[in-house]
Amino acid sequence: MKHWTKSSWKKYSTHQQPEWPDENKYKKIINEISTYPPLIFDKEAELLKKYLADASEGKNFVIQGGDCAETFIDFNSKSIHDKLKILLQMSVIIAHGASSNVIRIGRIAGQFAKPRSSKSEMRGNTSLPSYRGDAINDIAYDETSRTPNPDRIIKAYHQSAATLNLLRAFTNGGFTDLSKIKEWNENFINNSNTEEKYDEIVKKINESVKFFETIGGYNSNQNMPFKMAEFFTSHEALLLDYESALTHKNNITNKWYCCSAHFLWVGNRTRNIDGSHIEFLRGIGNPIGIKISSSMKTEELLNICNKLNPQNEKGKLTLISRMGSKKINTYLPSLINAIQKEGINVLWMCDPMHGNTYKLKSGYKTRDFDTIMNELESFFSIHHNLGTIPGGIHLEFTGEHVTECLGGTDNIIDNDLRTQYATACDPRLNINQSLELAYRITKLLIKNKENNNV
Ligand code: PEP
Ligand code: CO
């Protein structure tokens, strides 16, 4: 790797970093974090890369999702459990309905830093620094809360570690085994229509599990072969000091890995080719995502791909398009064509959330379920028309009954938003909306498969 070190990014312009009031204290904390143990193991990142390579060839389908911003306040066993359950349920719906193997990547155990459109937030006559995620400042609107405080980075590290620990316990302890499928839904879904559809799948899967147990091909004690256990973590690699503090070299392979999460992505606001985020990411062995809005130019995308993945390694790059339902048809096809023409290996994913956010008169930021679906439908049909693979989705959802996005099976309307609007940043799909989306994606995958067989 040419002239790369884990701090070579410092020579480049760095966007979206907080202004720390006490630089010395901040540096001390970053030094301390660099002595902390890694959160993930490089072999896990390599394994995920292999799964993503398979997804880019249509052999797996990826669901990446979770909170827009994790918070310190929402930190308990139930909330982690619920986030895992929603990912498992969506996976089972898609895996069962579309006969696709599903790979789960949570926006979890590290999603604590947010890029913002504006450095400050005005309320009345006062202006305070914008909320930048719990690793940096507090969402409460007062001067102390909004002042960046590096102690919070340490707290974010420990919360990530504890979250990951519980996720590993759930997955290794058998909770993710398909024979536990009924338990994933206890007191969870609260929409009778969604529940009925889900129960139907549970019944069918239970019959299959029983059948395999009967003929001796399945042993739930060994968690084989129906384990949905594998689970990966991800977040936006925004706070580069933190990410590089957790970057370690494997002394056998001589490769560097950022050990804060398995998968890291560069956000739409920091993906400029000459910036420090791309410089940092080009040196690590983890699989990497690049968020792409309609402003991404073809030449720029090709250059970013070459810089991040000069060996054209499969599974290394995931392009996450987040164009918005109105723009995707105009802007995505030419990018896909160019990538195809150059023979660049990528996995295409769709984030139907971030290009479809708007503010209502009531002041709530929201997204419409139907618009989200429209973007996904376009994503699938564009890929079908070009003969390429729609390999996954990137979502913001929660395992709670929030009212943040409009529409869906519960038909949430503007007036309902105030009932349970709990996000610290962008509006998330609730349980019923997420499961409904999984059913609809299943249909799109089936349609794609049928079309491809014609
Ligand atoms: C996000 O994923 O929360 C986000 C800020 O996305 P983007 O960079 O695509 O705007
Ligand atoms: Co977001």
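**A parallel barrel and its ligand shell**

Start with strand β11 (residues 347-350): L347 and M349 point one way, W348 and C350 point the other way, and all are buried. Buried here means that 20 or more other C-beta atoms lie within 10 Å of the residue's own; exposed means 12 or fewer, partly exposed is in between, and C-beta atoms are placed from the backbone. Strands, like helices, are DSSP runs numbered from the N terminus (E, at least two residues, for strands; H or I, at least four, for helices). The model is a predicted one, in which local features need pLDDT of at least 70 and side-chain atom pairs count only at pLDDT 80 or more, while totals for chains, interfaces and linings use all residues. Residues are numbered from 1 along each chain as its sequence is written, with chains lettered from A and ligands numbered from 1 in the order in which they are written.

On one side, β11 pairs with strand β10 (residues 317-321) in the parallel sense over four bridges; two strands count as paired if DSSP finds at least two bridges between them. T318 has L347 as its bridge partner in β11. Right-handed means that, with the strands pointing away from the viewer, the path from the first strand over the helix to the second runs clockwise. β11 also runs parallel to strand β14 (residues 390-396), joined to it by three bridges, and C350 stands opposite I393 in β14.

These pairings belong to a barrel: eight strands close in the order β1-β2-β5-β8-β9-β10-β11-β14, with parallel pairing. From one strand to the next, the twist averages 25° (axes are lines fitted to C-alpha atoms, for helices over the stretch in contact, and angles run from 0 to 180 degrees between N-to-C directions). At the β1 end of that order, strand β1 (residues 60-66) pairs with strand β2 (residues 101-107) in the parallel sense over seven bridges, and Q64 stands opposite I105 in β2.

Three bridges pair β8 in the parallel sense with strand β5 (residues 232-236), where E236 stands opposite W265. β8 also pairs with strand β9 (residues 288-292), again in the parallel sense and over three bridges, and V266 has I290 as its bridge partner in β9. The chain gets from β8 to β9 through helix α8 (residues 276-281), in a right-handed β-α-β crossover.

In β9 itself, five of the five residues are buried. I288, I290 and I292 point one way, and G289 and K291 the other. Five bridges join β9 to β10, and the two run parallel; I288 stands opposite L317 in β10. Another right-handed β-α-β unit is made by β9, α9 and β10.

As for ligand 1, the residues around it are C68, P115, G267, N268, R269, K291, R322, H354 and D426. A residue is taken as near a molecule or strand if its C-beta atom, placed from the backbone, lies within 6 Å of it. By class, this shell has two nonpolar, three polar and four charged residues. Ala, Val, Leu, Ile, Met, Phe, Trp, Tyr, Cys and Pro count as nonpolar, Asp, Glu, Lys and Arg as charged, and the others, Gly among them, as polar.

V346 lies in the loop between α10 and β11 and counts as buried because 25 other C-beta atoms lie within 10 Å. Leaving aside neighbours within four places in sequence, V346 is in contact with S56, C305, L317, T318, L319 and I339, contact meaning that the C-beta atoms, placed from the backbone, lie within 7 Å.

Two loop residues other than glycine have a positive phi. A109, in the loop between β2 and β3 (120-123), has phi near 60°; A109 is buried, with 31 other C-beta atoms within 10 Å. N312, in the loop between α9 (298-308) and β10, has phi of about 55° but is partly exposed, with 14 other C-beta atoms within 10 Å. K443, found in helix α12 (residues 431-453), is also partly exposed, with 13 other C-beta atoms within 10 Å.

Conventions. Two residues are in contact if their C-beta atoms, placed from the backbone, lie within 7 Å.
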